[in-house]
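Dear colleague,

Please find below the structure that I am handing over to you. My notes on it follow directly after.

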Amino acid sequence: MHKTYKIKIYGIVQGVGFRPFIFKLAKDLNLTGWIFNSTGSVHILVQGQEERIKLFIDNILKDPPPLSRIEKIEKERIFTEEIFNEFSIIESKEDQGFNFISPDIAVCDDCLSEMRDPRDRRYKYPFINCTNCGPRYTIILDLPYDRDKTTMKIFEMCSECEREYTDPSSRRFHAQPISCYDCGPSIWIEGERTDIFEKIADYLKDGKILAIKGIGGFHLACDATNHKTVIKLRERKKRPSKPFAIMMKDLDMIKKYCYVNEEEEKILISKERPIVLLRIKNLYDISPLVSPNNEYLGVMLPYAPYHYLIFDHFDKPIIMTSGNLSDEPIVKDNHEAKEKLKNIADIFVFHNREISHRIDDSVVFIENKEVNIIRRARGYAPEPIKIPIKIKPSLALGGELKNTFSLGKENYVFMSPHIGDLKDKDTLTAYEETINEFIRLLKIEPEILIHDLHPQYLSTDFAEKFKRYMEVKSIQHHKAHFFSLLLDREIKDEIICFSFDGTGYGEDGNIWGGEVFVGSIDKVERVGHFKYFPIAGGNYAIESPKKIAISYLIKYFPEKLEKLFPNIDPFEKEIMEKMINKGENIFYTSSCGRIFDLVSCLLKIREHIEYEGQAAIELEMTAMRSENQKYYNFRIFEENNKFVIDTYPIIEEILYEIEKKEKPDIARKFHNTISQIILVISEMLREIFKIKKIGFSGGVFQNRLLLTLTTLKLNERGFQVYTHKKVPTNDGGISLGQMILGKE
Ligand code: ZN
Ligand code: ZN
Ligand code: FE
């Protein structure tokens with residue numbers, strides 16, 4: 001007796017070879033019926049023996065296509081007279097479902113071996129792809145994902161490609177970006193059309209800076225071993241010291257320069273293909289200006305087919321940094337590149353597959369065998385994050401620096417790719433555009449808009465405009481960090497969470513940044529913080545280690561000021577003294593990040609920063625050169641029912657040691673101290689609240705030395721430590737946490 005079932009499968013099931021997989025499975029099991037793509041789901045009808053239908057579903061769950069992600073299967077028996085004689089794939093339909101968009105996938109091994117095969121018709125074809133690899137988010141114009149709704153629509157398939165596209169047994173069955181030499185996009189150097197990859201290599205060898213159009217935008221590329229060119233790139237890009245990412249030919253090349261452990265190797269070759277921060281073994285010929293004052297190098301492997309073709313003719317590491325001017329969004333269109341990068345690049349490499357959505361390379365590091373995402377972009381976004389609560393349709397606007405926003409409903413959050421610093425005008429425009437794109441493509445009309453409490457954030461201004469149309473709510477920055485961790489790790493129990501970062505506007509009007517919370521998804525309480533200290537000199541002072549240090553000395557160690565800053569301008573000194581002593585034009589802050597800046601400056605490691613976090617990063621790098629196990633004294637007292645951590649004794653001892661001890665020893669001892677503070681507070685709170693779960697969220701936990709030291713100590717004492725896995729611990733992750741206010 002034959003039975004008929006309707007099956008609906010939700011998740012990432014489009015553009016990942018799902019239909020041919022189902023088609024083949026049905027044929028193998030002798031089942032008939034049909035399948036079609038709908039919005040965010042596939043719909044299947046199967047007819048056949050009950051046993052075989054059961055096997056069919058088991059197989060779908062057990063062994064789905066590698067890039068798919070099944071979120072839910074619905075099965076319903078239907079009673080029909082209709083007899084189906086074969087299994088067929090029918091045209092896509094649209095309905096009111098959930099949309100999912102696949103991230104962009106690095107070229108797969110099957111495609112690479114075809115590209116290397118001289119007998120293959122796609123031998124050395126720069127845009128080779130299949131159902132398992134290639135661009136997705138960056139070419140999608142609309143959904144459901146079909147060729148005429150991608151930027152590939154202008155390329156009419158040749159008969160050979162058409163045959164593969166319609167053949168369910170082909171690796172390219174319904175591979176929307178399918179193309180070949182005869183029908184697809186092409187790549188060229190401005191003014192030159194032949195021997196492109198040989199010429200690109202020649203230009204690199206010649207010390208030129210190239211703007212190369214990639215998957216999510218333009219890269220600026222040059223020979224990483226050519227010191228003069230690296231200097232030129234730094235000058236032209238107006239980026240004096242922030243590290244550049246490097247693309248290397250293969251794992252062998254990477255292992256020559258860097259240490260690579262098993263987990264790092266796995267993430268380097270993953271389909272997401274991010275930039276991985278690796279410990280430097282020996283820089284050899286790589287210019288020291290690529291990653292100055294840093295023990296780590298940001299490295300990635302090729303991910304577009306044409307990256308491999310470049311390395312066929314060039315055997316050295318290549319700088320591949322975002323094609324933009326300092327903080328602006330990455331450039332994505334050919335004409336835009338000519339305009340914006342004309343003063344940086346000598347040579348332009350274009351192609352004519354349009355990029356519908358710009359996206360940067362992602363950045364990750366591995367610590368304690370776990371992946372930590374610093375920048376969530378290509379390969380990851382916009383894959384949805386499943387959360388353990390149900391939310392109304394909501395839009396969370398994120399923070400100011402390293403901004404991302406989140407759009408979501410029910411138990412899914414779609415976090416935007418890394419957008420950048422909203423203070424930049426073009427970035428703000430890109431931000432608004434991307435929000436509109438997400439709303440349009442994902443078909444989620446937000447009913448609730450959530451923004452950061454900071455009155456001066458541009459996202460707060462942005463939210464104001466919507467007050468008439470929807471419910472607008474705000475959430476404190478570090479509480480958003482707290483909830484971000486809970487949603488990221490699906491933590492339902494109570495947890496103690498350290499939220500340490502640079503700055504965030506506090507509920508009492510002070511600048512927070514060294515906060516301790518206890519709570520759960522339902523409620524959170526601030527139970528402790530670093531003692532407030534003053535910083536004089538307005539908005540920009542908070543970004544200047546020197547102003548922080550001078551402020552601290554005026555307040556607590558005025559007798560040391562002249563000695564540590566003998567060249568201080570008497571006028572500046574007088575003004576700052578006035579501000580601190582009278583309490584005018586100053587911030588009070590509990591920021592842990594700013595204490596790192598303070599120590600970095602006192603040790604004369606860095607007085608002025610050229611990029612966010614630089615002083616703290618260089619302090620960490622200095623500390624890595626010492627094995628010192630000691631820590632400084634600190635004081636914890638109680639005030640208004642909260643623990644307050646007083647840094648005075650720490651700084652007092654550091655000032656005493658400055659003349660006697662080596663910088664790395666002091667820097668290391670300071671790291672040990674922060675780690676010890678976390679341990680002591682954890683034990684105090686465990687005693688009171690009977691909680692063993694400890695969480696970390698906030699930019700300070702990008703500090704790998706601190707992270708490892710502290711995790712180790714806490715584990716030894718029987719704590720379970722939770723760090724971010726799916727979203728960044730820095731402000732790139734807070735839009736996820738803000739979504740808590742959308743809770744039903
Ligand atoms: Zn492929
Ligand atoms: Zn073709
Ligand atoms: Fe933050």
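Over the ring of which residue does the charged end of R526 sit? The ring is that of W512, with the charged end of R526 3.6 Å from its centre. In the same way, the charged end of K75 sits over the ring of Y5, 4.8 Å from the ring centre. A charge is taken to sit over a ring if NZ of Lys or CZ of Arg is within 6 Å of the ring centre and within 35 degrees of the ring normal.

Some conventions apply. This is a predicted model, in which local features need pLDDT of at least 70 and side-chain atom pairs count only at pLDDT 80 or more, while totals for chains, interfaces and linings use all residues. Residues are numbered from 1 along each chain as its sequence is written, chains are lettered from A and ligands numbered from 1 in the order in which they are written, and side-chain values use heavy atoms, with hydrogens and water left out.

C161 is buried at a relative accessible area of 0%, and C183 is buried at 7% (buried means under 20% relative accessible area, with a 1.4 Å probe and protein chains only).

Aromatic pairs

Searching the whole structure gives 30 aromatic pairs. Rings of Phe, Tyr and Trp (its six-membered ring) pair if their centres lie within 6.5 Å, and planes under 30 degrees apart count as stacked. F500 and F701 are a stacked pair, because their ring centres are 5.7 Å apart and their planes lie at 20°. F696 and F701 are also stacked, at 4.4 Å centre to centre and 5° between the planes. F701 is buried, with a relative accessible area of 3%, and F696 is buried at 1%; F500 is buried as well. Elsewhere, ring pairs join Y137, F405, Y431, F438, F462 and F466 into a cluster.

Yours sincerely

How values were computed:
Buried means under 20% relative accessible area, exposed over 50%, partly exposed in between (1.4 Å probe, protein chains only). Rings of Phe, Tyr and Trp (its six-membered ring) pair if their centres lie within 6.5 Å; planes under 30 degrees apart count as stacked, over 60 as edge-to-face and the rest as tilted.
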